[in-house]
Every structure is written in C-alpha cells, then in structure tokens.
Amino acid sequence: MFRQLHRLIATAVGIILLLSSMASVAQDQQPLRIGIIGTGAMGSALARLWVEAGHEVMFSSRHPEQLQPLAEELGERARTGSPADAARYGEVILLTVPYAATPQIGHDHGALMEGKILLDAGNPRPDRDGEMAIEARELGSGLASQRFLPGVRLVKAFNAISAYQLRSEAHREGERQAIPLASDDEQALKVAARLVRDAGFDPVIVGPLETAKDFDFASGISTRSLTATQLREALGL
C-alpha cells in the first residue's frame, strides 16, 4: 500500500512538473508588446524585424503622426503614440535615443517603465552628447544608464550594431552576427536573448551591467559583424 501511494505521489509530482514546464515554454513563445522610444533608423529596423517575428510594437515620437505611414506598412501589429504611450504600452521597452536624452527619458517616464525590461541601445558619444558622455563612457554605459533609469530591469543590447547591419545581416545564412548583452537581471537577459534571436541574430551574454563597457562604442567591438564564436574570443569569454 505504501509503495503504491509513493508511486502515485511521484507520478503526480512528475505530471505537475511537466505541466509547469509546458506552461513556461508556452509563455516564452507568446508575442510580446514592445514600446519603442526613439524611432529612428535603429528603432524602425528592429520594429520591422520584431513584427515579422509576430510581436506587437508601438513606435513613439513627439510627432507620432509622422510615424503613421511606417505603422500602416507593417500592418495590424504596429501602432504609433507618444513616448509616454510607448512606456505605458510595452511589456518590454526599447530605448534608441541619442545618449544625452537618456536622463530626461528616465525623469519623464521612469514611473511608467518601473519594473519593466528595458533594452538600452544607446552609446555615449562626446562628439554628439557633450560632457555627460565623457563620464558615462569612463564608467561604462551599463552602469551610467542604470543611474539615469532607476527602477527598470536594464539590459544593454543592440548598441554594438549599426542600423545598416540590422537591415542587411538579419537572418543571414551560415553563422549569424552576434549581439552582446549585459544585465544584472537573469530573467531580463532571457527575454532580451529571445528578442535578439527573433530579430535574426545570435545573443552572447557578456555578464553584469558593468561588463557593458567591454562592448561600448569606443571598445573596438562595435559594428564589427562578428559571429558568436568570434565575439566570445574577442571579449575573452
């Protein structure tokens, strides 16, 4: 009797674990709502790739009516709004603004983005962003952005690739181009890696946010079109 009961319990536990695993896989395959703050060449290129992969996106601008033709081209999974609308809409936020605008984004929309995964594609460039970029580059953009965007689940992503490469190298034959990622949040990294794959690239997790400095704009890694193997070798991973 005891053995039969033990078997029944073990079977029940196994079924529960299997169902839990299946539910987790199903959840991972669900389309995501992505709010894009900064719909320039980078934002629009990624939006197109993610819509093609089945996700829903909201482009944002201070003049969202200017983005309507692109949204109409991409179909029913694309829409437009203000930056506040995108911050509110997205389960995941993609930030592709000039780096000097990052502190203002955090100030204006931090409450709307709190607790959400934010993919930060920004690079501090003193020639464009001024004095603040010098300090951010010395600290590393991962840790600098964390100061500007408190409360979000920050991932440095897509800052080591150009908009041209997003358009030309996505889903390429053979080994895909690698996208380095850095975050202190394991689950956020998992979601970011999924979105990298859905966009047609290979994710390479470099480490915590402090390691984002290793693939910042001035690192020598940016825009080199490396495979995952080559990127790991270049970074000593």
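Let me begin with a term: a residue is called buried when its relative accessible area is under 20%, exposed when it is over 50%, and partly exposed in between, using a 1.4 Å probe and protein chains only. By that rule Thr39, with a relative accessible area of 18%, is buried.

Colleagues, a word on the source. This is a predicted model, in which local features need pLDDT of at least 70, side-chain atom pairs count only at pLDDT 80 or more, and totals for chains, interfaces and linings use all residues. Residues are numbered from 1 along each chain as its sequence is written, and side-chain values use heavy atoms, with hydrogens and water left out.

The predictor's confidence in each residue is given as pLDDT, from 0 to 100. The chain has a mean pLDDT of 89, with 88% of its residues at 70 or more. Over residues 10-27, however, the pLDDT is below 50, and this stretch has one contact in the model beyond near neighbours in sequence; a contact means heavy atoms within 4.5 Å. Where pLDDT is low, the predicted coordinates should not be read in detail.

Now the overall picture. The chain contains 11 helices and eight strands; these are DSSP runs numbered from the N terminus, with helices being H or I of at least four residues and strands E of at least two. Of the 237 residues in the chain, 47% are buried. Among contacts between residues at least 6 apart in sequence, 69% join residues at least 24 apart.

Let us return to Thr39. This residue sits in the loop between strand 1 (33-37) and helix 2 (41-52). Leaving aside residues up to four places away in sequence, Thr39 touches Ser44, Phe59, Ser60, Leu67 and Thr96.

Next, the aromatic rings. How many aromatic pairs does the structure hold? There are two. Rings of Phe, Tyr and Trp (its six-membered ring) pair if their centres lie within 6.5 Å; planes under 30 degrees apart count as stacked, over 60 as edge-to-face, and the rest as tilted. The rings of Trp50 and Phe158 have centres 5.9 Å apart and planes at 75°, so this pair is edge-to-face. The pair links distant parts of the chain, with Trp50 in helix 2 and Phe158 in the loop between strand 6 and helix 9, 108 residues apart. Both Trp50 and Phe158 are buried.

The rings of Tyr99 and Phe148 have centres 6.1 Å apart and planes at 65°, so this pair too is edge-to-face. Tyr99 is in the loop between strand 4 (92-95) and helix 5 (102-113), while Phe148 is in helix 8 (residues 141-148), 49 residues apart. Tyr99 is buried at 0% relative accessible area, whereas Phe148, at 23%, counts as partly exposed.

Finally, two backbone details. Phe158 has a positive phi of about 65° although it is not a glycine, and its relative accessibility is 1%. Ser225, also not a glycine, has a positive phi of about 60°. Ser225 lies in the loop between strand 8 (202-207) and helix 11 (228-235) and is partly exposed, at 24% relative accessibility.
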